[in-house]
Amino acid sequence: MPYREEALMARQDRILEQLRQNAVALISLVVAVTGLTYNTWRNEKTEDNRNHREAAFEVLLLLAELDESVNFAHYDRDAHGPADLKTGWALVNTIDVLTSILGEPMPASGDRLVATWEQQSAGLGGINEAPVDAIRAEIDRLQAETVELIRSLD
């Protein structure tokens, strides 16, 4: 028995000695792996933010186009027709798709815009201002949420 204990202690001493001799190499390895891991995570996060930022700016541009379409459809009564509503639908659907890839609360906001457009777009061009006000309120809310999302990206 004493021989086994001595052999075990000798082995432990050799391991400790090797650790002391190779401490710089082991620390360098840990630092390299940690740095590589962080760099990879940061690159992924940066790319994700870049994609979200691009989609958010595109949403803002499309919302401006939609607002212009609403103005034409409602206030330019002579030119109002199915083409205006089709253009509006195309814009609303594109905005919905873009918001679906962005973080919360954007997908729900895109869905609310679609629902509002669906309910209110037929009333554009009439005397009643309620459809315009409802659609504009959704546009304004989605614009504010999009700007907030852009500001929140790191």
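Student: Which residues gather in a patch of negative charge on the surface?
Tutor: Glu 54, Glu 58, Glu 65 and Glu 68 form that patch, where a patch takes residues with over 30% relative accessible area and no salt bridge, like charges being joined within 9 Å and nonpolar side chains (Val, Leu, Ile, Met, Phe, Trp, Tyr) within 5 Å. A salt bridge here is a side-chain nitrogen of Lys or Arg within 4 Å of a carboxyl oxygen of Asp or Glu. The model is predicted, so local features need pLDDT of at least 70 and side-chain atom pairs count only at pLDDT 80 or more, while totals for chains, interfaces and linings use all residues. Residues are numbered from 1 along each chain as its sequence is written, and side-chain values use heavy atoms, with hydrogens and water left out.

Student: Is Glu 54 buried or exposed?
Tutor: Glu 54, which is found in helix α2 (residues 23-75), counts as exposed because its relative accessibility is 55%; exposed means over 50%, buried under 20% and partly exposed in between, with a 1.4 Å probe and protein chains only.

Student: And what about Ser 69, buried or exposed?
Tutor: Ser 69 also belongs to helix α2, but Ser 69 is buried, at 12% relative accessible area. Its C-alpha atom is separated by 6.3 Å from that of Gly 88, 19 residues apart along the chain.

Student: Switching topic, which residues make the nonpolar surface patch?
Tutor: Ile 15, Leu 16, Leu 19 and Leu 26 make it, over about 340 Å², and helix α1 (residues 2-21) gives the largest share, three residues. Leu 16 lies in helix α1 and is partly exposed, with a relative accessible area of 43%.

Technical notes: Accessible areas come from the Shrake-Rupley method with a 1.4 Å probe; for residues, only the protein chains shown count as cover. Lys and Arg count as positive and Asp and Glu as negative; His and the chain ends are not counted. The place of a charge is taken as NZ of Lys, CZ of Arg, CG of Asp or CD of Glu. Helices (H or I, at least four residues) and strands (E, at least two) are DSSP runs, numbered from the N terminus.
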